[in-house]
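Colleague: I'd like to learn how to read charged pairs and helix contacts in a model. Can you take me through a few cases?

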Amino acid sequence: MPASQYLYEGYIYVKSIFRERQLLFWTIVFPLVYLSIIVAVFGNPGGSNVSFSVAIQDLDNSTLSITLIDAIRNAGIYRVAYVNSSLEEVIRGRGYDVGLIIPRGFGENLTTANQTYVSIVYVSNLQSSEAAKSSLESFIDRFGSIYVEKIIEIARSYMPVEAYRYAIFMAKPISSSYTEVKGSYISTPEGRKTYYVISTIGFMILYSGLFTSVGSIVEARRSGVLQLILSSPIKGYRIFIARIISGIVSISITSTAIILLGIALGADLYRIPAYIWIATALLLLVGAIGTMGLGFIIAPFIRTSGAATAIANMIAFPTMFLGGITIPKFLLPSSLQIFANIYPLSRIVDSIRNIAIYGWETTQAIQYSAPAIAASIAILVIGWILYRRALEKALENP
Amino acid sequence: MGDIIAENVTRRFGPFVAVDSVSIVADKEIIAIMGPNGSGKTTLLSMLGGALKPSSGKVYVKGIDLWGSEDKMERARRYIGFSPQATVFERSLTGYENLVWIGMARGLGIWGSRRRAKELVEALGLADHANKPVSRYSGGMLKRLSIASALIHDPEVIVLDEPASGLDPSALQDLWSLLLKMARGRTIIYSTHNPYEAERYSTRVFIMHRGKMVVSGSASELIERYAPKPMIAIYLPEGVGPLDLEGFRGTDRDKRVALYETRDPGRDLGAIVAAYIAKDYTPERVEIRRPGLGEVFLRVTGEAMEV
């Protein structure tokens, strides 16, 4: 029998995709919108973009208080605003991350060598506010040290050498040196975007794989196509493979669209050598058939189209978040990392990220995903056994 | 040996017996299956078409067990083309594309499917609509497409469940001229509610009732054996009653038509009309009513045909 028996489902899919709006939406439009949003929100590396909003009440309005406020403003990580109303109310209302009150006499105390103080207002147990408070506190300490160093420099010519050395020590007992290193690939915008391209492909494999398989029997039975196929000279395994090929066609179209958009948005996927692309494609193929296999295991037990959609969502939605596919595994609690480690698609997506982003060798990635490959094949085989039984039953009770 | 042999085929749905031990042997002929609604025609044809497994009994196609091993099932189905009662197509695809994918599933290859699909849309008068989505097809067009799908792989046994339903008289004639052309060297088994269709196009007629095959034979044999004798109908003028002549069986249409049963209407017509004229009654119209399969159907099932 010609190979066309394996391709008829794919033919239907390709012919339908630009005619059925719903199919076009889920295959191309939705993943592209999803990737665009993710890249827009998380696409730039964190460090350079972090900033805190600071509400300042300057009750002193002296040269030194203005100097301090200018220094804060020019530090590059604070957005400064003057506030006249109660800072506690402003911070409680979450208008700003942190508040700073510079009291009357601040400048005078500093110039007359009297200890002075500032007041920082923040929200406890609120991560952004706590971080802003620590950052501002360090900044003010550093401002104080620099001020003292300047005073000592001015007084140096009037001081004995030993007193000068001691004063410098008191002003700044520990001095830091800085070494600038280039960040890892993931810390670059390109790396971050590559990460999200791979995650989106993984996410779409999860959804497309489940949706094309879970409802495969009930949909074909409802439309009557199953009866037409079963009365044809075609063996059950060919029906099964035709369905898998259709799913792979769908996932390939989606993945191609995601990759092209990813490149357009700045993911430098073209730097990945061809042999890694091939290895990646094969790994994704295994991930896809494993996911479809899971759907085929469930498909014989589904009685209505609505139930198929509900079950596919019930599996895909939590898996998307908890399986380390869209949210990095290291951000999950350790108990959930166990699931992400054993769920085959998660492991495969993880190994692809490791190749594309963290510079793993292909052999290393294949070794890492070997248990997932074995599990995917086993799931597919179980899926086939149950699917075949369901086809036999469909001949007995169409 | 026949192209298709059904031996004591039975199908149960729970306690309900839809088809009860039916046997058919068909070899290069056209067989009509008639029966009232719920008599088991569709169930029987689904079993002969390879879409529904019998509860018991055997079906052989070209000597191969249709419900045997997977290999046998596949081989036997190469010889069968089945068009189910309900038309099933991918709604967003065109008629031509639907035929192509069905051809691919039946193992014709993509190019073979395209070639055959083109031939069939021409042959079944769908060429002008071949590139329209089937969601825009009328009932008759869908029926023709369904028949084309059964013929796509050029099968030797063609099983059609109510191929004429939804077709206008001209489309019905076109369909049958195609089927009669195709029937040479092939077996066609189809179901119908239309006694005229069964009588005109079939070599044999099977009538089912409550899951059982009650009678079978050629249309003329069945009419001869089961139908009442022909009638001569005399349409009476206003104010004239029927004459009580030999074979008088009563009146119909508000006593305006007198009916006379006769074995040989050609011979008796003249005598009956002459008897009326002798009484100075000139009949408004005279008709010879020959019984057909409809009457046979009524006699053997006790139910009128729903045409």
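Colleague: Is Glu156(B) buried or exposed, or something in between?

Modeller: Glu156(B) is partly exposed, with a relative accessible area of 27%. Buried means under 20% relative accessible area, exposed over 50%, and partly exposed in between (1.4 Å probe, protein chains only). Lys62(B) is partly exposed too, at 26%.

Colleague: What links Lys62(B) and Glu156(B)?

Modeller: Side chains of opposite charge can pair when their charged atoms come close. Here the two side chains meet in a salt bridge, 2.6 Å from N to O. The term means a side-chain nitrogen of Lys or Arg within 4 Å of a carboxyl oxygen of Asp or Glu. Lys62(B) sits in the loop between strands S4 (56–61) and S5 (64–65) of chain B, and Glu156(B) in the loop between helix H5 (139–151) and strand S7 (157–160) of chain B, so the pair ties together parts 94 residues apart in sequence. Helices (H or I, at least four residues) and strands (E, at least two) are DSSP runs, numbered from the N terminus.

Colleague: Before we go on, what should I know about the model?

Modeller: This is a predicted model: local features need pLDDT of at least 70, side-chain atom pairs count only at pLDDT 80 or more, and totals for chains, interfaces and linings use all residues. Residues are numbered from 1 along each chain as its sequence is written, chains are lettered from A and ligands numbered from 1 in the order in which they are written, and side-chain values use heavy atoms, leaving out hydrogens and water.

Colleague: How far apart in helix H3 of chain A are Asp70(A) and Arg73(A)?

Modeller: They are three residues apart in H3 (residues 63–74), which means about one helical turn separates them. Asp70(A) is partly exposed at 32%, and so is Arg73(A) at 36%.

Colleague: Which residues are linked in a network of salt bridges?

Modeller: Lys235(A), Arg238(A), Asp71(B), Glu74(B) and Arg78(B) are. Over all chains, the structure holds 34 salt bridges.

Colleague: And how many residues of each class are in the contact of H11(A) with H16(A)?

Modeller: Among the residues that meet are Phe240(A) in H11(A) and Trp384(A) in H16(A) (contact means heavy atoms within 4.5 Å). By class, there are eight nonpolar, two polar and one charged residues. Ala, Val, Leu, Ile, Met, Phe, Trp, Tyr, Cys and Pro count as nonpolar, Asp, Glu, Lys and Arg as charged, and the others, Gly among them, as polar.
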